[in-house]
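Q: Could you walk me through this structure slowly, please? I am new to reading these models.

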Amino acid sequence: MTKRQQGQELQDNFGLFYRASILHIDDDAGLGRLLQKRLERMAYLVHIAPSGEDGLRLFGEGTYDIVVVDYNMPGVNGLQVLRSLRDAVPVILLTGQGDEKIAVEALRLGAADYIIKDGAGEYIELLPSVIDRVLERRQLLQDKKQALADLEVSEARYRAIVEDQTELICRFTHEGKLTFANAAFCNVFGIAPEDIGYQNLAQLLPRKAHQKFKETIKTLTQAVPTTVSTMSVQTATGQTLWLQWTTRGIFDNSQTIREYQMVGRDITDLKTVEAALRESEEKNSALIAAVPDLILRIDRQGTCVDLRPKRNQTLHLSPEYVGKNVSEFLPQNVAELMQEHIDKVFLEGADQVFQFELRNKDGFNFQEARLVLAGKNEVLAIIRDVTERASLERQLQVLSIHDSLTGLYNRMYFSEEMQRLEKGRCTSVGMIICDIDGLKIVNDSLGHSIGDELLVAAARVIRKAFRGSDAIARIGGDEFAILLPNATQALVEEACRRLRREMASHNESKKGMFLSVSVGAAVSQGDKYDLKDVFHQADKAMYHDKTLKGAAVQQRIRQGIGKEARG
């Protein structure tokens with residue numbers, strides 16, 4: 001008797017009362033038969049294939065509701081079967097102990113679920129509940145697909161009457177005042193036809209939804225005249241409806257939007273199916289969302305319902321903490337932070353992410369916790385060590401405000417510091433602008449590497465001349481600027497003299513190229529001041545200084561270039 005004849009005999013024995021038809025692919029005949037007997041006791045119809053090749057052939061010959069396949073088989077393995085059948089039927093992958101990475105890859109490729117085979121055979125007892133869960137999820141997807149198909153049919157029916165027409169239609173002005181509403185719109189919002197002209201969308205839509213809606217319609221143009229949005233509304237009878245709105249800008253001859261038309265379609269049934277599907281998927285797939293990370297399931301009160309410890313984690317939690325409140329095994333500040341974000345998940349219905357630090361023998365390490373809603377009364381906490389990332393972010397932050405060549409602050413930081421000082425409580429602010437004389441001549445004659453050395457030397461000289469509280473920045477190719485908080489005119493003038501002394505000392509040491517810097521300074525006047533004006537005054541003074549030096553400095557620079565070129 002062939003395998004197909006054996007399957008037909010089983011089907012005849014079951015008659016019309018089997019729960020689902022299953023194709024089990026496994027090269028271990030003993031385990032395959034054991035699993036078949038277990039599933040047949042649960043009223044499943046099971047066909048067995050001894051290899052991946054036979055399994056694919058049987059699938060092509062029959063009709064199956066689900067495929068259960070072992071990963072480790074000669075020839076065509078479980079993943080190859082999955083790639084061939086994933087779009088046609090739900091596939092559950094069986095893997096051996098230590099094959100968790102294979103299981104994760106299978107889920108990435110579209111497996112409906114996976115089970116790790118244990119030596120005691122407990123996975124055989126677990127398989128029926130997994131199959132039930134997969135079939136339930138498949139049914140929800142089919143319901144959603146049918147709901148979407150029904151929506152498409154509904155949309156086609158209404159478009160045959162008027163383009164974009166669905167159940168609710170209105171027109172309104174820029175201010176949100178209604179100029180037209182059909183009967184369906186009036187019925188939902190409880191508006192009498194004679195009162196349409198007195199209604200405004202701000203009165204009819206939820207406040208946050210209305211604010212978001214106003215921002216959305218600002219994006220409408222003749223090139224993109226429509227936008228689609230979804231929101232829930234409260235009807236006049238107190239019922240909550242989910243509506244999908246298509247909003248269109250109506251343009252006049254001058255290409256200006258004259259008014260807007262909004263067409264709404266009831267998608268409440270679709271949202272109900274999606275919510276049921278989402279709840280099922282969250283319960284069954286949330287635990288594999290971040291396999292390398294520490295995973296906890298926690299209820300509303302902060303009690304640990306389940307815990308999946310991971311190796312090589314800096315936060316070591318034992319399974320014995322299951323059943324205990326997070327305050328019993330986490331530091332107090334971390335436990336309070338955890339409970340605060342658990343409350344936010346249930347209050348806002350959105351994922352929450354926060355970071356905390358833990359002390360260890362080497363100092364501190366940084367952890368990131370991501371909380372995801374998992375059902376009605378639980379959250380999934382995924383905890384990851386982000387110490388390396390936090391360190392990199394700090395380094396990037398330092399690099400973002402510093403000039404890479406000189407190590408001084410850059411122009412972005414300088415601009416932000418000007419704004420901060422303007423808003424602060426400084427009685428006055430001094431500003432000094434410095435410009436390296438002849439840098440372009442040096443670059444053109446000796447190359448940019450020598451020019452860079454001159455820039456670094458200038459930065460070193462400038463840094464020596466100022467206080468630690470002064471903000472020194474390179475704001476251009478050859479230009480530097482210094483902010484001196486709470487500085488008087490006398491203090492700024494002394495700083496300029498100190499800078500010139502340091503520059504003279506550098507040149508006397510004859511280390512490197514001759515350095516000449518033109519300097520200009522200004523100080524804010526009065527309680528209210530604009531540092532942009534102070535900047536322009538200092539910049540103007542700097543150019544005056546450069547003019548006074550004239551040809552004498554240019555000659556010294558050319559002499560220095562000649563000396564440098566001769567070596």
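Q: What share of the contacts in the chain with a separation of 6 or more is between residues 24 or more positions apart?
A: Residues 24 or more positions apart account for 56% of those contacts, where a contact means heavy atoms within 4.5 Å. This is a predicted model, in which local features need pLDDT of at least 70 and side-chain atom pairs count only at pLDDT 80 or more, while totals for chains, interfaces and linings use all residues. Residues are numbered from 1 along each chain as its sequence is written, and side-chain values use heavy atoms, with hydrogens and water left out.

Q: And how many helices and strands are there in the chain?
A: The chain has 17 helices and 19 strands, taken as DSSP runs numbered from the N terminus (H or I with at least four residues for helices, E with at least two for strands).

Q: How much of the chain is buried?
A: Of the 567 residues in the chain, 44% are buried, which is to say under 20% relative accessible area with a 1.4 Å probe, counting protein chains only.

Q: Can we turn to helix α15: what span should it have, and what does it have?
A: Helix α15 covers residues 448–464, and its 17 residues should span 24 Å at 1.5 Å a residue, which agrees with its end C-alpha atoms being 24 Å apart. The expected span is 1.5 Å times one less than the number of residues.

Q: Which residues of α15 are buried?
A: The buried ones are Ile450, Gly451, Leu454, Leu455, Ala457, Ala458, Ala459, Val461 and Ile462. As background, an α-helix has 3.6 residues a turn, so residues three or four places apart point the same way.

Q: What comes just after α14?
A: Gly447 does, and it takes a positive phi of about 100°. Within α14 itself, residues 439–446, the buried residues are Leu439, Ile441, Val442 and Asn443.

Q: New topic: how many aromatic pairs are there in the whole structure?
A: A search of the whole structure finds nine, where rings of Phe, Tyr and Trp (its six-membered ring) pair if their centres lie within 6.5 Å, and planes under 30 degrees apart count as stacked, over 60 as edge-to-face and the rest as tilted. Tyr321 and Phe329 form a stacked pair, at 4.6 Å centre to centre with 15° between the planes, and both of these residues are buried. The ring centres of Phe354 and Phe356 are 6.0 Å apart and their planes lie at 35°, so that pair is tilted.

Key:
Buried means under 20% relative accessible area, exposed over 50%, partly exposed in between (1.4 Å probe, protein chains only).
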